[in-house]
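We will go stop by stop, selecting a residue or a stretch each time.

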Amino acid sequence: MQRMKESETINEYCDKLPSIVNNVRFLGTEFFDTRIVQKILVTVPQRFESTISSLENSKDLSNISLSELVCALQAQEQRILMREEDTIKGDLQAKLKLNQGHKGKKKKVQCKNFEKG
């Protein structure tokens with residue numbers, strides 16, 4: 001059973017699916033897009049649960065297209081990445097401000113004189 005890894009993106013995961021589906025179809029089994037949608041819904045990580053719940057509340061998941069599902073998951077993934085980038089930028093800006101607060105102030109350096117014996 002194919003599952004999406006935590007480190008994978010939706011694009012990376014969905015790029016793997018056509019070859020798997022084609023192999024199943026090659027063996028003579030019918031494999032419709034609705035089944036692919038169902039498989040994606042149960043194999044994506046927990047971080048996509050809110051999008052799946054939202055889709056369940058607003059649409060009939062048995063009739064949702066594969067492209068509509070992928071687009072919704074990609075949109076959530078992009079929002080998550082943007083929030084992470086904003087957090088990182090905020091952290092870096094805070095560190096920069098802290099470092100600039102020390103600029104211009106001379107630190108006292110204590111040196112010990114060692115005499116040769």
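**Stop 1: Thr51**

Select Thr51, which sits in helix 3. A helix here is a DSSP run of H or I with at least four residues, a strand is a run of E with at least two, and both are numbered from the N terminus. This is a predicted model, so local features need pLDDT of at least 70, side-chain atom pairs count only at pLDDT 80 or more, and totals for chains, interfaces and linings use all residues. Residues are numbered from 1 along each chain as its sequence is written, and side-chain values use heavy atoms, with hydrogens and water left out.

Is Thr51 buried or exposed? Thr51 is buried, because its relative accessible area is 9%. The cut-offs are these: buried means under 20% relative accessible area, exposed means over 50%, and partly exposed lies in between (1.4 Å probe, protein chains only).

Now show what surrounds Thr51. Leaving out residues up to four places away in sequence, Thr51 touches Ala72, Leu73, Gln76 and Arg79. Contact means heavy atoms within 4.5 Å.

**Stop 2: Leu73**

Move on to Leu73, in helix 4. Leu73 has a relative accessible area of 0%, so Leu73 counts as buried. Which residues does Leu73 touch, not counting residues up to four places away in sequence? They are Ile10, Ile40, Val44, Phe48, Thr51 and Ile52.

Pick the C-alpha atoms of Leu73 and Val44. They are 9.4 Å apart in space, and the two residues are 29 residues apart in sequence.

**Stop 3: the largest nonpolar core**

A nonpolar core is a set of buried Ala, Val, Leu, Ile, Met, Phe, Trp, Tyr and Cys residues joined through side-chain atoms within 4.5 Å. The largest one has 21 residues. Select Ile10, Ile40, Val44, Leu69 and Leu73, which touch the most other members. Two or more residues of this core come from each of helix 1 (10–26), helix 2 (33–43), helix 3 (49–58) and helix 4 (66–101). Which helix gives the most? Helix 1 does, with 5 residues.

**Stop 4: Val70**

Stay in helix 4 and select Val70. Val70 is buried, because its relative accessible area is 14%. Apart from neighbours within four places in sequence, Val70 is in contact with Ile10 and Cys14. Val70 and Ile10 are 60 residues apart along the chain, yet their C-alpha atoms are separated by 7.3 Å.

**Stop 5: Arg3**

Go to the segment before helix 1 and select Arg3. Its relative accessible area is 45%, so Arg3 is partly exposed. Arg3 touches Glu8, Tyr13, Val42 and Thr43, not counting residues up to four places away in sequence. Pick the C-alpha atoms of Arg3 and Val44: they are 6.6 Å apart in space, with the residues 41 apart in sequence.

**Stop 6: Val24**

Val24 is in helix 1. How does Val24 count at 24% relative accessibility? Val24 counts as partly exposed. With its neighbours within four places in sequence left aside, Val24 is in contact with Thr29 and Phe31.

**Stop 7: the largest pocket**

Select Gln2, Leu17, Ile20, Phe31 and Lys39. Of the 13 residues that line the largest pocket, these lie nearest its centre. Helix 1 and helix 2 each supply at least two residues of the lining. The pocket volume is about 230 Å³. Pockets are found on a 1 Å grid over the protein atoms alone: a pocket is an open set of points where a 1.4 Å probe fits, with protein on both sides within 12 Å along at least five of seven lines, and lining residues have an atom within 4 Å of a point. Grid points are joined across faces, edges and corners, and the volume is the space filled by probe spheres set on the points.

**Stop 8: the whole chain**

Zoom out. The protein chain has 4 helices and 0 strands. Of its 117 residues, 23% are buried. Among contacts with a separation of 6 or more, 65% join residues 24 or more positions apart.

Now colour by pLDDT, the predictor's confidence in each residue, from 0 to 100. The chain averages 79, and 74% of the residues score at least 70. Among the elements, helix 3 has the highest mean pLDDT (90) and helix 4 the lowest (79). Finish at residues 107–117, where pLDDT stays under 50. For this stretch the model has 0 contacts beyond four places in sequence.
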